[in-house]
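The sequence and structure come first.

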Amino acid sequence: MDNIDNNQSKGLISLTLTESLERFSYYGMQAILLYYMYYSISRGGLGFTPSTAASIFAIYGSLSYLAAACGGYISDRILGGKRTVSLGAIMIIIGQLILSIPLSNMILLLFVSLIFLTVGMGLLKPTITTMVGNLYDERYNTRAYRFTIFLSGINIGAFLAPIIIGFLGMHVNFHLGFFTGAIAMLIGLCIFEYHTKDYNQNNSIYTSDPIEPYEVRKIFDRILFCVVSIALVFLLMYSFDAVNLTNIITLLSVITVVIPFIYFFVIITSNDTDPAERRGMLIYVILFIGAAFFWGIEEQGPIVLAIMANGNTDNDFTIWKYGLLTFFIVVFAIIGYFLHKKTDSKLLKLFTAAIAVFFILIAALHNGDFYVHISRTWYQAINPLFILIFTPIFAKLWHHHESSAIKTFPIGVLLASIGCLVLYLPIRFLNGGSVNPLWIVLTVGIICLGEMLISPVGLSVTYRLAPKNFVSQMMGVWYLSDAAGQAINSQVVRYFSVENVDYFLVLGIIGIVLSALMFGILHFILRKVPKK
C-alpha cells in the first residue's frame, strides 16, 4: 500500500511538471507572439498591422480551446491518455520549432506552426487534467488537494514564462524565445514518458470507451459533412473574390461561436432530454453567454494590454520604499500562515523565512525609493501571479461556503466590467498616452477576482445542469465558453486603440447590462432547478 501511495505521489508530481512546462511553453510563446506579428521586419517581426495581429492572436486562442473540447473525445475513444498527451506534446514542440526558424518570410510558416500548436494544446490540456483526476482510487479523499497542487504548478509555469521567454524574445530575438518554449515542452515530454508507471493507475492511460466498428461510418459521415460545408463556404467566398485573411478570421469566429449553440439545440431537442433537463439547459445557455463574455474580457490581457504596454504605458516609474516594504511583509505573512497550517517541513519553512528576510531587508535598507523598469512582456505575468495568491484564499472560502452560480457568475461578469471601467479612467481623464502600470495591475487584479468566481464553479454547474445522458459530453462544452469568448474577441480587438477612448467604456457598459440581466433571470429560475 505504501508503494502504491508513493507511486501516486510521484505520478501527481510528474503530471504537474509536464503541464507546468506546457503552460510555460504556451504562455511564453503567447507573451511574444503578438509583438512578433506586428513588429516591422527590420525589428525581427512580420510586419502585420496591430489590428490584424490582434485578430490572428485571438482566433488562435479561440481555436485552441475549441480543439481542447475535442481532445478529451480523442483520448477517451481513440488514442488513450498517454498517447494523446505524447502526441500533443510532440505537435507543440514542432510548432514552436517552426516559429524558431529565422527565415526571411515566415508568414506561411506562422500559420503552419499555429495549426500544430492549436492541435497540440487541444490534445494535451484536457487529457492530462483527466489523468490527474483518475490518478487515485476513489477511496482517497484527496481530489481537491491534488487539483490544488496541479493548478498551482500550472500558474507557476504561466507566471515564469513571460518573465523568462518574454525577456529572451524581446531583448535577444523572437526566435530564441520560441526555441526556449520548444525545449521546455521537450523536457516536459521526457518527464511524462519516464514516469509512465507512476501515473498508470487503474489503466487510466488507455481508452475508456473505444469506438465500436458500427460507429466508424457515422463519425466519418459527420467529419465529411463538416469538411464539405467549410469547403463550400470557401468556394462561395472565392467566387465573390472575398478570400482574404480578415474574412477567413471572421468565418472561423462565426463557426466557433455557432458550434456550442448548435450543440445546445441538439441536446435540448433530443428525446433523451426530459422537460426538467431542458429548463436546466436553457439556464446553462444564459450562464454560458456570461462566461463567454467574461473570458472575452479576460483574454484581452495578452492582446490589448500588450499593445498598451508597448507604447502607451509608463514602464519606468518609482515605488515608494515603505509601500514596497509593507507589501513584502503582508505577502510573506500570508505565505507563512499557509505554510504553518499546511506543512510540517522545517526545511521549507526555513527556506521561505530566509527569502522573506532577504526581500524585507532589501526594502528596509535601500537608500530612498525604488526606480523600476518593467519589460513589456512582464505584464502577462500579473494574471497568474494573482491566481496564485487568490487560489488558497478562495479554496478556503469554497470549503466553508457552497458556491452558487446564481451569485458567482453575474458577479464575475460584473467584476470584469468594472475592470474595463477602471482602465478607462486613466485613458480618458489622466495622462492619455502614458498610463501608470498600477492601473493595469488593478484592472487585472479585479478581473482575476471575477475569474475566481466563475472558473471554479463552471465545471460544477455544467455537471449539475447537464442532462443525465449528456454529462460526459457536456464537460467538454465548458472549454467552448472560452473559445466563443475569444472568437468574439478576434472581431472586437480590431477596434482597440488608445485614441479610441470609449473602447473600455463600451465593454464595461455591455458587461454591466449583461450582469444585471443574469442577476434578474437567474434569481427567479436557477434556484428552481432540482439538484442532482
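The model is predicted.

**Helix pairs**

| Pair | Axis separation | Angle | Handedness of crossing |
|---|---|---|---|
| α3 and α6 | within 8 Å | roughly 160° | left-handed |
| α10 and α16 | within 11 Å | roughly 150° | left-handed |
| α8 and α9 | 12 Å | about 145° | right-handed |

Helix α6 spans residues 174-194, and its axis and that of α3 cross at roughly 160°. Angles over 145 degrees count as roughly antiparallel, and α3 is therefore roughly antiparallel to α6. The crossing of α3 past α6 is left-handed. On the α3 side the contact is made by Lys 82, Val 85, Ser 86, Ala 89, Ile 90, Ile 92, Ile 93, Gln 96, Leu 97 and Leu 99. On the α6 side the residues are His 175, Phe 178, Phe 179, Gly 181, Ala 182, Met 185, Leu 186, Leu 189, Phe 192 and Glu 193. Sorted by class, this contact of α3 with α6 comprises 14 nonpolar, 4 polar and 2 charged residues.

Helix α10 covers residues 275-298 and helix α16 covers residues 437-465; their axes come within 11 Å and cross at roughly 150°. These two helices are therefore roughly antiparallel to each other, and their crossing is left-handed. From α10, the residues in contact are Gly 280, Met 281, Ile 283, Tyr 284, Leu 287, Phe 294, Trp 295, Ile 297 and Glu 298. They meet Ile 447, Gly 450, Glu 451, Ile 454, Ser 455, Val 461, Thr 462 and Leu 465 of α16. The contact of α10 with α16 has 11 nonpolar, 4 polar and 2 charged residues.

Helix α8 (residues 213-239) packs against helix α9 (residues 245-269) at about 145°, the axes lying 12 Å apart. Here the crossing is right-handed. Ile 230, Val 233, Phe 234 and Met 237 of α8 are in contact with Asn 247, Ile 248, Leu 251 and Ile 255 of α9. Of the residues in this contact of α8 with α9, 7 are nonpolar, 1 is polar and none is charged.

**The cavity**

The structure has 1 cavity of 30 Å³ or more, and the largest cavity holds about 50 Å³ of space. Its lining consists of Glu 22, Ser 25, Tyr 26, Met 29, Tyr 60, Ile 92, Gln 96, Leu 117 and Met 121. By class, the lining of the largest cavity divides into 6 nonpolar, 2 polar and 1 charged residues.

Which helices each supply at least two residues of this lining? They are α1 (2-38), α3 (81-99) and α4 (107-133). Helix α1 gives the most, with 4 residues. Ile 92 and Gln 96 line the largest cavity and also belong to the α3 side of the contact with α6.

Definitions and conventions. Residues are numbered from 1 along each chain as its sequence is written. This is a predicted model: local features need pLDDT of at least 70, side-chain atom pairs count only at pLDDT 80 or more; totals for chains, interfaces and linings use all residues. Side-chain values use heavy atoms; hydrogens and water are left out. Axes are lines fitted to C-alpha atoms, for helices over the stretch in contact, and angles run from 0 to 180 degrees between N-to-C directions. A crossing is left-handed if the near helix is turned anticlockwise from the far one by less than a right angle, and right-handed if clockwise. Contact means heavy atoms within 4.5 Å. Ala, Val, Leu, Ile, Met, Phe, Trp, Tyr, Cys and Pro count as nonpolar, Asp, Glu, Lys and Arg as charged, and the others, Gly among them, as polar. On a 1 Å grid over the protein atoms alone, a cavity is a set of points where a 1.4 Å probe fits but cannot get out, and a pocket is an open set with protein on both sides within 12 Å along at least five of seven lines; lining residues have an atom within 4 Å of a point. Grid points are joined across faces, edges and corners, and a volume is the space filled by probe spheres set on the points. Angles under 35 degrees count as roughly parallel, over 145 as roughly antiparallel, 65 to 115 as roughly perpendicular and the rest as oblique.
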